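Please examine the structure shown below.

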Amino acid sequence: MEINGVTIEDTYAEAFNVWAARIIITAATKDWAFWAATEATGFASSTIRCPCEAGIEAYLPPNTTPDHRPGYSILICSKKSAIKEQVLSRISDCIMPVPTTAVFNGHVEMENPDAEYLTLPVKLHYFGDKFEKKVKVGDIDCWSIPLMGGNFVIEEEVSAIRAIAGGNFFVLGNSQMAALTAASVAAEAIKDVYGAITPFPGGVVSSGSKVGSKFYKFMTASTNEKYCPTIREAVIEKGLKTNVPNGVKAVFEIVINGVNETAVKNAMRAGIQTACTIPGVVMISAGNYGGNLGPYKFYLRDCI
């Protein structure tokens, strides 16, 4: 298969289950809401070392938020045993300190009514030290916590659903800048897909990895040498397989988390089609690990 002369490899992306919570952050201005969303999704690119995976899902204009102020929705993705702690930590330490912010439940379970979901009681009102008050924002029950810069309003029950992490595709280019430009515009296109995030900085991954290590058994992940152009010949010399075609100088990965399979597929489609518009892109591929990573298989041909 080809798009604009770019080969689409007949392969699939392998993804796995996570739990995802959607947090709606509002503030007096779009900028303050953005700073809060950015801070709350920091150190959250890969669960290999990060405590969760998170990203900004969408900008929300005032007419779409509970308190009619500008805001952003973010997705926080983690394992079941850690999702509550990650939600609490990121609201309390990353959002509440940002001036004029408020937090509401994004009701992520509505994206997939059949999915298993959790209700997370984030009891942050105790920070008010007996000065907190119950308030209504529209028909939503909230707490108002007094702060030095005003009151922090929060809907304390947040929901999380069983979601998907690890959807991906690779952009192979005949130069580093061609591949990077294509990956960057692909990540930008995915921003328009509601229900999906690209948790890595700028949405682009330089350090694509494989499960485990061939030579260091204590490593849970290591470089994906099959797609490393700079060591193509060395990989062949070691008797290992390379998936880097002649003439490819750089490979970048786009990783996608989504609230359901449809969101992941739509994001992969939007990203791949956009990447294929950039001159110098040679091939689109994807990462899979023989079932060692997770149960989901997103075939590139089906996504497109």
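K214 is partly exposed, with a relative accessible area of 38%, whereas E225 counts as buried at 8%; buried means under 20% relative accessible area, exposed over 50%, and partly exposed in between (1.4 Å probe, protein chains only). The side chains of E225 and K214 meet in a salt bridge at 4.0 Å, N to O. A salt bridge is a side-chain nitrogen of Lys or Arg within 4 Å of a carboxyl oxygen of Asp or Glu.

The model is predicted: local features need pLDDT of at least 70 and side-chain atom pairs pLDDT 80 or more, while totals for chains, interfaces and linings use all residues. Residues are numbered from 1 along each chain as its sequence is written, and side-chain values use heavy atoms, without hydrogens and water.

## Other salt bridges

The whole structure contains eleven salt bridges. One of them joins E57 and R22 at 2.8 Å, N to O; E57 lies in strand β4 (residues 53–60) and R22 in strand β3 (residues 12–26), 35 residues apart. Strands (E, at least two residues) and helices (H or I, at least four) are DSSP runs, numbered from the N terminus. Both E57 and R22 are buried, and a network of salt bridges links R22, E57 and E111.

D67 forms a salt bridge with R69, with the closest N and O atoms 2.9 Å apart. R69 is partly exposed, its relative accessible area being 22%.

## Exposure of F215

F215 is located in the loop between β13 (209–211) and β14 (221–223). At 59% relative accessibility, F215 counts as exposed.
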